[in-house]
Amino acid sequence: MLLLGARGTSVAKDQSAEPDAANELEKYSEYLENKTRQLCESVYGVSDVSVLVSLEGGFETVYAKADGGYVVLGSGSNAHLAQVQIKAPSIAGIGISCRGGEDEAVRTELISLISAAFGIGTNKIHISASD
């Protein structure tokens, strides 16, 4: 990608990692959707489950810090920051369509189950009945 700055000057932006990041987000979203589907299908009276999980942001890398700066491993061209962890993006919302979703007791059960399983508020979960 080429970004144009003021007065036609160009600024190059390295996007070599962006396709990988998008691919990882897609894989993570599919993983969450599959886990949610399996969990919903384990509830009595629920079948034909479709799930959509929306994520906020992307993966975040946390680097080690010491003495007010970042910890650098290696030297010269092999120097790199020491990673402590990679944080997964948070769930913005979960939409579920299923048979049995028209039953208020089933909806309540599914919302409680999904909220507890993923640690998200019940206001981020919607259940609809499918045909």
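Residues are numbered from 1 along each chain as its sequence is written. In this predicted model, local features need pLDDT of at least 70 and side-chain atom pairs count only at pLDDT 80 or more, while totals for chains, interfaces and linings use all residues; side-chain values use heavy atoms, with hydrogens and water left out.

**Cysteines**

The search of the whole structure finds 0 disulfides, a disulfide being a pair of cysteine sulfur atoms within 2.5 Å. For cysteine 40, the closest cysteine sulfur is that of cysteine 98, and because 6.3 Å lies between the two sulfurs, they are too far apart for a bond. Cysteine 98 likewise is in no disulfide.

**Aromatic pairs**

The structure holds 2 aromatic pairs. Rings of Phe, Tyr and Trp (its six-membered ring) pair if their centres lie within 6.5 Å; planes under 30 degrees apart count as stacked, over 60 as edge-to-face and the rest as tilted. One of the pairs joins tyrosine 63 and tyrosine 70: the ring centres are 6.4 Å apart and the planes stand at 90°, so the arrangement is edge-to-face.

**Positive phi angles**

Aspartate 48, in strand β3 (residues 47-56), has a positive phi near 50°. Aspartate 67 also has phi near 50° and is found in the loop between β5 (65-66) and β6 (69-70). Strands (E, at least two residues) are DSSP runs, numbered from the N terminus.

**Accessibility**

Buried means under 20% relative accessible area, exposed over 50%, and partly exposed in between (1.4 Å probe, protein chains only).

| Residue | Relative accessible area | Class |
|---|---|---|
| Cysteine 40 | 0% | buried |
| Cysteine 98 | 0% | buried |
| Tyrosine 63 | 33% | partly exposed |
| Tyrosine 70 | 48% | partly exposed |
| Aspartate 48 | 46% | partly exposed |
| Aspartate 67 | 85% | exposed |

Key
Helices (H or I, at least four residues) and strands (E, at least two) are DSSP runs, numbered from the N terminus.
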